Amino acid sequence: MLLANKNAVVYGAGGAMGRAVARAFAEDGATVHLAGRTAAPLEAVAAEITAAGGTAHVGVVDALDQAAVDDHLDEIGHVDISFNLISHGDVHGVPLLDIEIEDFVRPIHTAVVGNFNTMRSAARRMVKQQSGVILTLTSPPAKLVGPLMGGTAVAESAIETFTRCLAAEIGLHGVRVLGLRSEGIPGAWAEDWHTNVFDTPVEATDGLDPEGHANVLAERTMLQRTPTLAEMTSVAVFLASDRAAAMTGTITNMTCGSVPD
């Protein structure tokens, strides 16, 4: 029970990755506050956590609305962990010479504003508490730029830079800020492959099914595989716990070697 007696806020908790992280936090003892724009998926996650013996609360919050984020945290009170896992509305498969400006800017705006709002709001409260952990999530494009990725590389580079900048400012108050960079996790998107949940054009998949796309990702890693949701959530639990108390201002690399540093 690494997170016993902790209050954790998970933004984007209705998605596959947010659901997995929220459940893992609850299994390790945290009271989890599920935040997102739509109540129904959040309530489904809360029901799963409650049925397993955990504690979860639902809050309908748009991470792009600073006032809504602040009001939600005011309702919670003491916040020990904040993790932003909202989707960014990325569009892949279109050359930068052809992509519409709205499609290029959307993930950048969503990632920067969404993370700034949630991270700053949590940080202000954690500084007063003199304790807390703020987590962010990125993927290989933050370091390895490839073609046809739209605004993703810019968005995720910005998240990692802001993670380090915020850590440098609030570390003296006992607050840690950490990033987690993961290779693509099939378990997080396979179930939504045909719904274009990430606003990805069908042609960007080159006709691959989820398994085929996972194989393409695996081939570029040193381990010749991609991470699992269970592995990602285990790392997140560790980073949020007191066992990682000496870690801040850094990005934990769990790309299976596709990004070697």
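The model is predicted, so local features are described only at a pLDDT of at least 70 and side-chain atom pairs only at pLDDT 80 or more, while totals for chains, interfaces and linings use all residues. Residues are numbered from 1 along each chain as its sequence is written, and side-chain values use heavy atoms, with hydrogens and water left out.

H2 has 13 residues and reaches 18 Å from its first C-alpha to its last, close to the 18 Å expected at 1.5 Å a residue; the expected span is 1.5 Å times one less than the number of residues. Leu42, Val45, Ala46 and Ile49 of H2 are buried. Here, buried means under 20% relative accessible area, exposed means over 50%, and partly exposed lies in between, with a 1.4 Å probe and protein chains only. Viewed down the axis of H2, these buried residues fall within an arc of 100 degrees, so they line one face of the helix; the arc is that of the directions from the helix axis to the C-beta atoms. The cover over the buried residues of H2 includes H1, strand E2 (31-36) and strand E3 (55-60). On the other side of H2, Ala40 and Ala51 are exposed. Just after H2, Gly53 takes a positive phi of about 95 degrees.

The twelve residues of H8 should span 16 Å at 1.5 Å a residue, and its end C-alpha atoms are 16 Å apart, which agrees. Buried in H8 are Leu229, Met232, Thr233, Ala236, Val237, Leu239 and Ala240. Seen down the axis of H8, its buried residues fall within an arc of 165 degrees, so they line one face of the helix.

Ala240 counts as buried at 2% relative accessibility, and Phe25 is buried with a relative accessible area of 0%. Not counting residues up to four places away in sequence, Ala240 touches Leu3, Phe25, Ile81, Val133, Leu135 and Arg176, where contact means heavy atoms within 4.5 Å. With its neighbours within four places in sequence left aside, Phe25 is in contact with Leu3, Ala8, Val10, Ala30, Val32, Ile81, Phe83, Leu135, Ala236, Val237 and Ala240. Phe25 and Ser234 lie 209 residues apart in sequence, yet their C-alpha atoms are 9.1 Å apart in space. For Ala240 and Gly15, 225 residues apart along the chain, the C-alpha separation is 20 Å.

Thr152 belongs to helix H5 (residues 152-170) and counts as buried at 4% relative accessibility. Its side chain is joined to that of Asp90 by a polar contact of 2.6 Å. A polar contact is a pair of N or O atoms within 3.5 Å; within protein, one must be able to donate a hydrogen and the other to accept it, and residues adjacent in sequence count only if both atoms are side-chain atoms. Leaving aside neighbours within four places in sequence, Thr152 is in contact with Asp90, His92, Pro107 and Pro141.

Turning to charged pairs, the count comes to eight salt bridges, each a side-chain nitrogen of Lys or Arg within 4 Å of a carboxyl oxygen of Asp or Glu. Arg23 forms one with Glu48, the closest N and O atoms being 3.3 Å apart. Arg23 lies in helix H1 (residues 16-27) and Glu48 in helix H2 (residues 39-51), so the pair ties together parts that are 25 residues apart in sequence. Arg23 is partly exposed at 36% relative accessibility, and Glu48 is partly exposed at 32%. Arg106 and Asp103 form a salt bridge with closest N and O atoms 2.8 Å apart; being three residues apart in helix H4 (residues 101-129), they are separated by about one helical turn. Arg225 pairs with Glu231 in a salt bridge, with 3.0 Å between the closest N and O atoms. Salt bridges that share partners also join Asp70, Asp74 and Arg125 into one network.

Finally, the count of disulfides, defined as pairs of cysteine sulfur atoms within 2.5 Å, comes to zero. Cys165 is partly exposed at 43% relative accessibility, whereas Cys256 is buried at 11%.

Conventions
Helix = DSSP H or I, 4+ residues; strand = E, 2+ residues; numbered from the N terminus.
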